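Welcome! Here is a short tour of one structure, taken a region at a time.

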Amino acid sequence: MSIRAIQITGTPVLHVPAAPVAQITGDIQVLIDDMIDTMHNAPGVGLAAPQVGVGLRIFVWHYDDGISLSEGEVINPRLQLSGWRKNLLWGTPAEEGCLSIPGERSPLARYPRAILTGLNRMGEPIRVEANGWLARIFQHEFDHLSGLLYRDRLRRDRKRDIDSAVLERGWGTSASEWTPGPEFHEEDWAAEELGHSEEESQ
Ligand code: ZN
């Protein structure tokens, strides 16, 4: 397993629909292992193949709500959604982030229930019923396979906030990437931004 570079918004592969996997080859197995490794190191609760620069319909997830752990991989997924979309979870705003827009967060309404179907790495059919955060994770990762980032689903004012942060970092107009590791994680981007604006204000 190895950590792959995570593509940042503006990189073309993130903004076009991914292609179905025709055959689960050894390369696909390596890709899935690397995606899991990259997700854990970022750290994140989900990662889609386009985020590591591969335009294929695969995502991985790992979510522990304190009661139970749900993790896995899905190839050529389908997602069935139900309930009323909302951005509250147990009474608090559910802020969403993305490893491809590192350091940023925004509330976003999602469906509370989702049923994920597709294939696992052995080519066997899977079916996962999800509620709350897990349902949100599935919607977020599934969107990546359609070339959509959560930013694309935000209200105009929140979209503008994200876009200006992205622009300030020099992202969004061409390909860029970052690599997580023991010394640098997704949340460090937010800390780095603070340091940057302090510097600027002096
Ligand atoms: Zn994402």
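Which residue just after α3 takes a positive phi? Gly 170 does, with a phi of about 80°.

## Before we start

This is a predicted model, in which local features need pLDDT of at least 70 and side-chain atom pairs count only at pLDDT 80 or more, while totals for chains, interfaces and linings use all residues. Residues are numbered from 1 along each chain as its sequence is written, and side-chain values use heavy atoms, with hydrogens and water left out.

## Helix α3

Helices here are DSSP runs of H or I with at least four residues, and strands are E runs of at least two, numbered from the N terminus. Helix α3 covers residues 156-168, and its end C-alpha atoms are 18 Å apart, which agrees with the 18 Å that its 13 residues should span at 1.5 Å a residue (the expected span is 1.5 Å times one less than the number of residues).

Ile 162, Ala 165 and Val 166 of α3 are buried (under 20% relative accessible area; exposed means over 50%, and partly exposed lies in between, with a 1.4 Å probe and protein chains only). They cover an arc of only 100° around the axis, so they sit on the same side of α3; the arc is that of the directions from the helix axis to the C-beta atoms. On the other side of α3, Arg 156, Arg 160 and Leu 167 are exposed.

## The zinc site

Next comes the metal. Cys 98 (SG), His 140 (NE2) and His 144 (NE2) coordinate the zinc ion at 2.1 to 2.3 Å. Donors are N, O and S atoms within 2.8 Å of the metal (3.2 Å for Na, K and Ca), and sites may look incomplete because water is not among the atoms. Along the chain, the donors follow the spacing C-x41-H-x3-H.

Both histidines, His 140 and His 144, belong to helix α2 (residues 132-145) and are 4 residues apart, about one turn of the helix. His 140 counts as buried because its relative accessibility is 8%, and His 144 is buried too, at 1%.

## The largest pocket

A pocket is an open set of points on a 1 Å grid over the protein atoms alone, with protein on both sides within 12 Å along at least five of seven lines; lining residues have an atom within 4 Å of a point. Among the 19 residues that line the largest pocket, Gly 44, Val 45, Gly 97, Cys 98 and Arg 105 are the closest to its centre. Helix α2 gives the largest share of this lining, 5 residues.

Methods:
1 Å grid on protein atoms, 1.4 Å probe; cavity = no way out; pocket = protein on both sides within 12 Å on 5 of 7 lines; lining within 4 Å.
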